[in-house]
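Subject: Structure handover

Hello,

Here is the structure I promised to pass on. Please open it first, then read my notes below.

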Amino acid sequence: MAILLKIFVLIVSIFAHLIMAIRITNECINCGACEPECPNNAIYEGGIEWAISDGNTVNGIFTLEDGTEVDAAQKNKPLEPDYYYIVPDKCTECKGFHEEPQCAAVCPVDCCILDEDRVESEDELLAKKARLHL
Ligand code: SF4
Ligand code: SF4
């Protein structure tokens with residue numbers, strides 16, 4: 001019985017340290033309130049190209065989370081054409097800056113939600129923040 005309890009506690013503690021990135025759903029009303037709140041400049045208006053170096057001092061070759069190497073200043077295709085979107089490679093869920101995701105805090109329609117397909121640990125998010133803010 002004791003071993004089962006230990007396993008349960010271990011599983012709970014693991015999940016307690018897993019954090020999900022944030023994504024914007026198509027319920028976005030394009031109010032723009034979230035964009036200036038992002039400490040990582042990870043939020044873009046629909047149809048606008050994004051770059052790793054927007055809003056920071058990163059330059060040269062930057063390795064994305066999927067292993068792709070890009071020029072940090074390279075302009076990339078918008079991830080959404082019609083409404084605001086978050087670049088996952090730039091979102092740290094505000095770790096290192098704020099206690100809670102600022103986009104979700106200001107969104108009037110609560111369309112900044114956890115991205116269940118992108119689970120990252122706090123350590124991973126803090127490492128991402130360090131790479132974006134040299
Ligand atoms: Fe930016 Fe924070 Fe929202 Fe991520 S959670 S997009 S870092 S405001
Ligand atoms: Fe869209 Fe919400 Fe951002 Fe407004 S605050 S642009 S509704 S995601």
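A residue counts as buried when its relative accessible area is under 20%. Keep that cut-off in mind. Cys91 has a relative accessible area of 8%, so Cys91 is buried. Cys94 has 7%, so Cys94 is buried too. Please note that this is a predicted model.

Now the cavities. How many cavities of 30 Å³ or more does the structure hold? There are two.

**The largest cavity**

The largest cavity holds about 80 Å³ of space. Its lining is made of 15 residues. Cys38, Ile43, Cys91, Cys94 and Cys103 lie nearest its centre. So both of the buried cysteines above are in that group. By type, the lining has nine nonpolar, three polar and three charged residues.

What takes up the space? Ligand 1 does: the space it takes is the largest cavity. Look at the residues around ligand 1. They are Ile22, Cys38, Pro39, Asn40, Ile43, Ile86, Cys91, Thr92, Glu93, Cys94, Pro101 and Cys103. This shell divides into nine nonpolar, two polar and one charged. Glu93 is in the shell, and Glu counts as charged, so Glu93 is the charged one.

**The second largest cavity**

About 70 Å³ of space lies in the second largest cavity. Which residues line it? They are Ile24, Cys28, Ile29, Asn30, Cys31, Gly32, Cys34, Cys107, Pro108, Val109, Cys111 and Cys112. The lining splits into 10 nonpolar residues, two polar and no charged. Asn30 and Gly32 are in this lining.

Ligand 2 sits in the second largest cavity. There are 14 residues around ligand 2. Cys28, Cys31, Gly32, Cys34 and Cys107 come nearest. The shell has 12 nonpolar residues, two polar and no charged.

**The cysteines**

When you go through the model, start with Cys91 and Cys94, the buried pair. Then go on to ligand 2 and its cavity.

Best wishes

Key. Residues are numbered from 1 along each chain as its sequence is written. Chains are lettered from A and ligands numbered from 1 in the order in which they are written. This is a predicted model: local features need pLDDT of at least 70, side-chain atom pairs count only at pLDDT 80 or more; totals for chains, interfaces and linings use all residues. Side-chain values use heavy atoms; hydrogens and water are left out. A residue is near a molecule or strand if one of its heavy atoms lies within 4 Å of it. On a 1 Å grid over the protein atoms alone, a cavity is a set of points where a 1.4 Å probe fits but cannot get out, and a pocket is an open set with protein on both sides within 12 Å along at least five of seven lines; lining residues have an atom within 4 Å of a point. A molecule sits in a cavity or pocket if more than half of its atoms lie within 2 Å of its grid points. Buried means under 20% relative accessible area, exposed over 50%, partly exposed in between (1.4 Å probe, protein chains only). Grid points are joined across faces, edges and corners, and a volume is the space filled by probe spheres set on the points.
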